[in-house]
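Subject: Structure handover

Hello,

Here is the structure for you to look through. My notes on it follow below.

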Amino acid sequence: MSVGRRTLGFSWPALVALAVLAAPRVVLHDLHVVEEGRPIAVLLAVVPLICWVAAVLWRRPPRPFLTVVVIGAIYGVLLAVGHQILWDEAFGATGPRLGDIDPRAQEAILRVAAVFSSLVTGILSGVVAGAVAAVLSRLVIGRQRAAESERAGGRPPDAAAPQR
């Protein structure tokens with residue numbers, strides 16, 4: 001069993017696949033197909049995070065918060081790559097400017113800042129969704145333990161096991 005599956009509850013390809021769920025928003029935003037503030041933009045931003053939480057609740061990895069933060073970090077990398085590939089489409093010939101600095105230096109500075117911003121955005125998305133997943137996981141596990149205890153006649157689940 002790989003380290004990713006043992007610690008995070010998913011294989012690395014599955015973690016990447018979950019992160020990819022958020023990628024369409026990047027493309028559609030940078031190509032100006034979807035404008036910020038529209039309901040579809042909100043759905044494209046929120047639904048993937050809900051899917052991350054749902055996947056964690058379904059698979060019950062040992063560390064749900066860490067699992068979703070890793071998915072968010074992978075998403076941050078995808079976000080950074082997407083913004084770099086679509087830079088010219090997003091900004092056109094008149095991209096953002098920093099003043100009277102050499103245009104090539106400006107673009108380099110802005111691209112590095114965009115990569116950093118993308119990574120932070122992905123990680124923070126993972127932190128928020130991971131916190132939700134961790135809280136919901138604890139609630140689900142607590143309810144399951146209570147139900148098991150009740151089925152065992154009020155004894156703790158370990159007490160219901162036969163003694164040797």
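Of the 164 residues of the protein chain, 32% count as buried. Buried means under 20% relative accessible area, exposed means over 50%, and partly exposed is in between (1.4 Å probe, protein chains only). This is a predicted model: local features need pLDDT of at least 70, side-chain atom pairs count only at pLDDT 80 or more, and totals for chains, interfaces and linings use all residues. Residues are numbered from 1 along each chain as its sequence is written, and side-chain values use heavy atoms, with hydrogens and water left out.

Fold. The protein chain has seven helices and zero strands. Helices (H or I, at least four residues) and strands (E, at least two) are DSSP runs, numbered from the N terminus.

Pockets. A pocket is an open set of points on a 1 Å grid over the protein atoms alone, where a 1.4 Å probe fits, with protein on both sides within 12 Å along at least five of seven lines; lining residues have an atom within 4 Å of a point. A volume is the space filled by probe spheres set on the points, which are joined across faces, edges and corners.

The largest pocket holds about 390 Å³ of space. Its lining has 21 residues, and Arg25, Leu79, His83, Ser118 and Thr121 lie nearest its centre. Helices α3 (23–30), α4 (39–59), α5, α6 (87–91) and α7 each supply at least two lining residues. The largest share, seven residues, comes from α7. By class, this lining has twelve nonpolar, seven polar and two charged residues. Here Ala, Val, Leu, Ile, Met, Phe, Trp, Tyr, Cys and Pro count as nonpolar, Asp, Glu, Lys and Arg as charged, and the others, Gly among them, as polar.

The second largest pocket has a volume of about 180 Å³. Its lining includes Leu57, Arg60, Phe65, Arg138 and Ile141. Two or more lining residues come from each of α5 and α7. Again α7 gives the most, with five residues. The lining divides into eight nonpolar, one polar and two charged.

Surface. Val77, Val81, Ile85, Leu119 and Ile123 make a nonpolar patch of about 410 Å². Patch residues have over 30% relative accessible area and no salt bridge (a Lys or Arg side-chain nitrogen within 4 Å of an Asp or Glu carboxyl oxygen); nonpolar side chains (Val, Leu, Ile, Met, Phe, Trp, Tyr) are joined within 5 Å, like charges within 9 Å. Areas come from the Shrake-Rupley method with a 1.4 Å probe; for residues, only the protein chains shown count as cover. α5 (64–85) and α7 (103–151) each supply at least two patch residues. α5 gives the most, with three. Val81 lies in α5 and is partly exposed, at 44% relative accessible area.

Best wishes
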